[in-house]
Amino acid sequence: MIFVYQTFITILLIISPIIVFIRILNKKEDKKRFIEKFSIPSKKKIAGKLIWFHGASVGEMKSIIPIIKIYEKKKSISQILITSSTISSSRVFEKYKFKKTVHQFYPIDHIFFNKRFLSHWKPNLAIFIESEIWPSMYDEIYKSNIPLILLNARLTNKTFKNWIKIKFFSKLIFEKIKIAFPQNLETKNYLKRLNVKKINLIGNLKFAQDEDENQFKISNELKSKFIKKKIWIASSTHNKEEIFCAKTHLKLQKKINNLITIIIPRHIHRTNEIKKEIEKLKLKVALHSDKPKDLENTNIYIVDAFGETGKFHSIGASVFLGGSIIERGGQNPLEAARYGARILHGPNIDNFKDVYKLLKVLKVSKKIYKPDQLASSIIFKKNRKIGVKIKNIGEKILKKTIKELDNLIKNEFKKT
């Protein structure tokens with residue numbers, strides 16, 4: 001089965017130059033660093049012990065930042081490697097001025113590139129985040145005797161059903177995981193059925209908060225522009241959801257003066273398209289990248305920059321989380337909830353079911369279906385106490401995670 005998988009990847013490689021070229025044109029690929037995906041490194045390996053973390057995109061990147069900050073201070077670790085697959089995640093990484101942590105784009109899952117990648121970086125420990133299951137890389141990691149950890153593991157029912165269809169193949173992959181730390185009970189049960197031998201349920205690492213998040217708070221200059229406005233935020237929105245939120249604005253502005261809707265698209269390359277669609281509703285749009293001097297006549301403010309989400313979550317009392325009106329499974333609501341915001345979402349939240357269950361218990365989230373429901377659910381006052389509760393949960397999960405990883409690192413470093 002691995003042979004069949006590798007044959008399929010090899011066929012894709014034949015047309016990969018065309019795919020890469022199109023992705024560069026669409027600004028989905030870094031025109032200078034895309035070669036990293038072919039295991040041509042742009043950074044040097046430092047002599048000594050190296051810990052490797054891999055997560056798909058922004059959410060996974062943010063979830064491990066608190067861990068990276070702790071391990072940056074550990075003298076036993078010479079270098080930390082973070083890999084991810086998206087430009088947005090690399091831009092988030094750039095905002096942190098790490099000393100011994102480097103970022104590279106994750107290589108194509110082909111035996112040739114995987115061997116080359118591992119030969120260059122020689123990690124002592126490989127830590128994959130959430131749903132990052134790569135058959136060829138897992139196989140090469142196992143053959144290289146590198147302990148493989150699946151951290152904050154997440155498998156949805158849909159994903160599990162896909163893996164179980166190829167049960168024999170999937171078990172050969174999942175048995176290569178030394179230990180998995182699932183973020184919920186559902187994932188724990190799925191991992192057992194997929195042949196993971198050692199599982200330790202700690203909790204969802206996304207509850208953990210970056211201790212230095214204050215450095216990413218909104219500037220006084222920008223905050224002063226919103227100070228006299230009534231604002232609400234639509235975060236991590238996808239196609240069609242921006243119009244949904246613009247229609248909400250139209251309904252809300254009938255009873256709220258000085259209203260501004262802040263939209264933070266999940267994919268900022270869509271900004272011009274979003275702007276044009278919203279302007280058809282006769283709403284005035286301002287772009288964050290234009291650095292407008294004032295927002296006097298602005299209706300919609302689009303945040304078209306990477307890594308700015310936290311800044312705006314810090315000032316919003318109501319946050320609608322995208323990917324939930326369309327069938328995307330929802331986006332992570334915890335960052336906004338940590339700031340004491342009321343969380344509003346559509347019906348499609350399979351990606352964060354456990355998180356939303358807790359938010360519902362805490363009475364800070366609400367499901368909506370239509371723009372008028374969203375408009376009537378928006379409030380303009382934060383609930384700081386809820387933010388503290390979520391932060392405390394995150395601190396406990398982070399401490400347990402570090403303790404487990406410390407033991408794994410200590411045992412592995414003794415061997416080499």
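Which residue in β5 does A126 stand opposite? A126 stands opposite L148 in β5. This is a predicted model, in which local features need pLDDT of at least 70, side-chain atom pairs count only at pLDDT 80 or more, and totals for chains, interfaces and linings use all residues. Residues are numbered from 1 along each chain as its sequence is written, and side-chain values use heavy atoms, leaving out hydrogens and water.

- Five of the five residues of β4 (residues 125-129) are buried, so the strand is largely enclosed by the rest of the structure; buried means under 20% relative accessible area with a 1.4 Å probe, protein chains only.
- L125, I127 and I129 cover one side of β4, and A126 and F128 the other.
- β4 runs parallel to β1 (residues 50-54), joined by four bridges, and W52 has A126 as its bridge partner.
- β4 also pairs with β5 (residues 148-153) in the parallel sense over four bridges; pairing requires at least two DSSP bridges between two strands.

**Helices α2 and α16**

- The axes of α2 (residues 58-71) and α16 (residues 384-415) come within 11 Å and cross at roughly 50 degrees.
- That makes α2 oblique to α16, as angles under 35 degrees count as roughly parallel, over 145 as roughly antiparallel, 65 to 115 as roughly perpendicular and the rest as oblique.
- P66, I67, I70 and Y71 in α2 meet L398, T401, I402, L405, D406 and I409 in α16, where contact means heavy atoms within 4.5 Å.
- The residues of this contact divide into eight nonpolar, one polar and one charged.

Methods:
Axes fitted to C-alpha atoms, helices over the stretch in contact; angles between N-to-C directions. Helix = DSSP H or I, 4+ residues; strand = E, 2+ residues; numbered from the N terminus. Nonpolar A, V, L, I, M, F, W, Y, C, P; charged D, E, K, R; others polar. Buried < 20%, exposed > 50% of the residue type's maximum accessible area, 1.4 Å probe, protein only.
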